[in-house]
Amino acid sequence: MIEQFVNFVIRPPRSEYNPDQYLWETEFILAGRKYKRLDLELTNARDLTIKCSHYVPAFIPENTSLPCVIYCHGNSGCRADANEAAVILLPANITVFTLDFSGSGLSGGDYVSLGWHEKEDLKCVVSYLRTTKQVSCIGLWGRSMGAVTSLLYGAEDSSIAGMVLDSAFTNLYDLMMELVDVYKIRVPKFTVKMAVQYMRKIIQKRAKFDIMDLNVLQFAPKTFIPALFGHALNDMFIQPHHCDCIHEAYGGDKSIIKFEGDHNSPRPQSYYDSVSTFFYNTLRPPQLPVACSNKLRMGAFKVGMMTNESLFFEIINGLRGAGTNSCSSSKDASKFPNATTPVVELLSESVNQLSIKNDNDLDFLLDENHNLSEMDGYSVGSRLQDKSSRHNEESCSCTSSNRESWGRCSSLGGVSDGSFPGDISDKQENMTVKALATPLRQKESKLTTPKTKEKKIHSLWKKLNRERTGSFYKWKW
C-alpha cells in the first residue's frame, strides 16, 4: 500500500509517445499562416536531458522579437499537452514553448517531484529563451504540477510577464492527507500520519526532495507577477479550496475563474478566451506586417501559369474577411471555420455551396478579354460569400445564420455533429476546446471541379484540385 502511494506521488504513469504523431507537424498552417515546430534538447542543472519544442511563425521579420509562453504540463503529462495552447496563442503572435519535465515524457530522469525539481527545468528553459534574439517577454501557463512549478519559479524571477495557473495545490503534505479521504483508505488518522512520515523518508531518498518543503503558500505572498487562476468546480483530486487559498494569499495582481468539470476534463471555451485576453494584455504581442500576417505564403502551392497571384491571396482574405467581420466576440471567431480553413478547401467549399453548373457562375472572375480580373480580392470574396449565403437560404429551412449553419466544432477541429445551433443552444454555451493528445489531421476529400466553357476558369479549378489532393496539404486542426 505504501509503495503504491509513493509511486502515485513520484512515479505516476509516464507518457511515452512519438513526437511526429502526437505533436504539431514540423510545418503546419493555422489561421492562414505558416508555422514551424523547432525541436531541441537542453541540459538541466542535474545533467538530465530535457526534450523541448518551440512553435514559432515560419517567417519573422528581421529585428522583430515575439513574446513566448512556456507551457508546463501535469504530473503524468508531456509536451503534447500544449497542443491547444498553440492553437490559442500562435494566431495572436505569441510563440509557445513546451517541454517534457525531467522524469516525464521523453526527458531524462526516473521520478517527478510535483514542482520542486521541475522548477529548475523551467529555469533552464527561461535562460535559454533569454539568449535568443527572437523572444521578448515570457509568460508561464501551468496545469496541476505545472501550475505549482510556475508559482515556485515565479517567486524567484519577477521578470516573468504573467502566469496562468490551472489547478495548483497549496502544499503536498495536506494534499496527501486529503487523498487518503478521497480514496477512502480506512485506517486511523494517527496511522495515516505515521505512514506519510515514512513515505516522506522514502521520497526524500529516491526523488531527492522533502515533501514538507513543497508549500506554495510560503511563496505566494512574495510573488507579484500578474496571475490568472483557474480551477474546476468538481475537481476531487486537487479540490477548489486549494486555488482559493493561494489566490487569497497571492501578492500580485490576480483574478480567478471557476468552471464546470473535474481535474482532467477539457476546459470550456470561456476559460480559453480569458487566457488569450490575459496573455494579450500582459505580453503585448506586436502586430506583424500585413504581408506576413494576412497573406498566405504559397510555398509549394502554385497556380499554373497564372500571373495575377495577388488576386488569389486577396480572394482568400476576402472570403475570410466576409465571415469574420460578423463575429461579435473572440468566442464567435473561434467557431468560424473560415479563420483556419486551407486555401483550396475554402475555395472548393464555396464552389460546392454555390452548386456551380455553368460558366456564368464564375464570369465575375474574368474581365471582358476573358483574363483574370483585377477586381479587388475582398470584393470577390464577398461576392462568393453572398452567393453561398443565398444558396443556403434557398436550400435550408433553418433560420440560423450562415456562420452557424456550418455546425459545431472546437478550435482544434472537433468533428461537427451536423446539428444546428437552434437545436443545441444550451450545449453551444458550454462549447469547449478539447485538449487532444493527438492533433486531428483533416481527412482529404475528392474535389470535383466544374466543367466550364471558359478555358481560364477550367484551368484554375483544375490546378486547385490538383494541389488540394497533393501531399503538401497535411492539415491539423
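Residues are numbered from 1 along each chain as its sequence is written, and side-chain values use heavy atoms, with hydrogens and water left out. In this predicted model, local features need pLDDT of at least 70 and side-chain atom pairs count only at pLDDT 80 or more, while totals for chains, interfaces and linings use all residues.

The description begins with the sheet. Helices (H or I, at least four residues) and strands (E, at least two) are DSSP runs, numbered from the N terminus, and two strands pair if DSSP finds at least two bridges between them. Strands of a sheet pair through backbone hydrogen bonds, either parallel or antiparallel. S1 and S2 are antiparallel, with 4 bridges between them, and Leu30 has Arg33 in S2 as its bridge partner.

Charged side chains come next. Side chains of opposite charge can pair when their charged atoms come close. A salt bridge is a side-chain nitrogen of Lys or Arg within 4 Å of a carboxyl oxygen of Asp or Glu, and the whole structure contains 12 salt bridges. In one of them, Arg37 meets Asp20, with the closest N and O atoms 3.6 Å apart. This pair links distant parts of the chain, since Arg37 lies in strand S2 (residues 33-43) and Asp20 in helix H2 (residues 19-22), 17 residues apart. Arg37 counts as buried because its relative accessibility is 5%; buried means under 20% relative accessible area, exposed over 50%, and partly exposed in between (1.4 Å probe, protein chains only).

A salt bridge also joins Lys51 and Glu41, at 2.3 Å from N to O. Lys51 belongs to strand S3 (residues 49-57) and Glu41 to strand S2, 10 residues apart. With a relative accessible area of 23%, Lys51 is partly exposed. Shared partners join the salt bridges of Asp20, Arg37, Asp39, Arg79 and Asp100 into one network.

The aromatic residues complete the picture. Rings of Phe, Tyr and Trp (its six-membered ring) pair if their centres lie within 6.5 Å; planes under 30 degrees apart count as stacked, over 60 as edge-to-face and the rest as tilted. By this rule there are 13 aromatic pairs. Phe28 and Tyr35 are stacked because their ring centres lie 5.8 Å apart and their planes meet at 25°, and both residues are buried. Phe278 and Phe279 instead form an edge-to-face pair, at 5.5 Å centre to centre and 65° between the planes.
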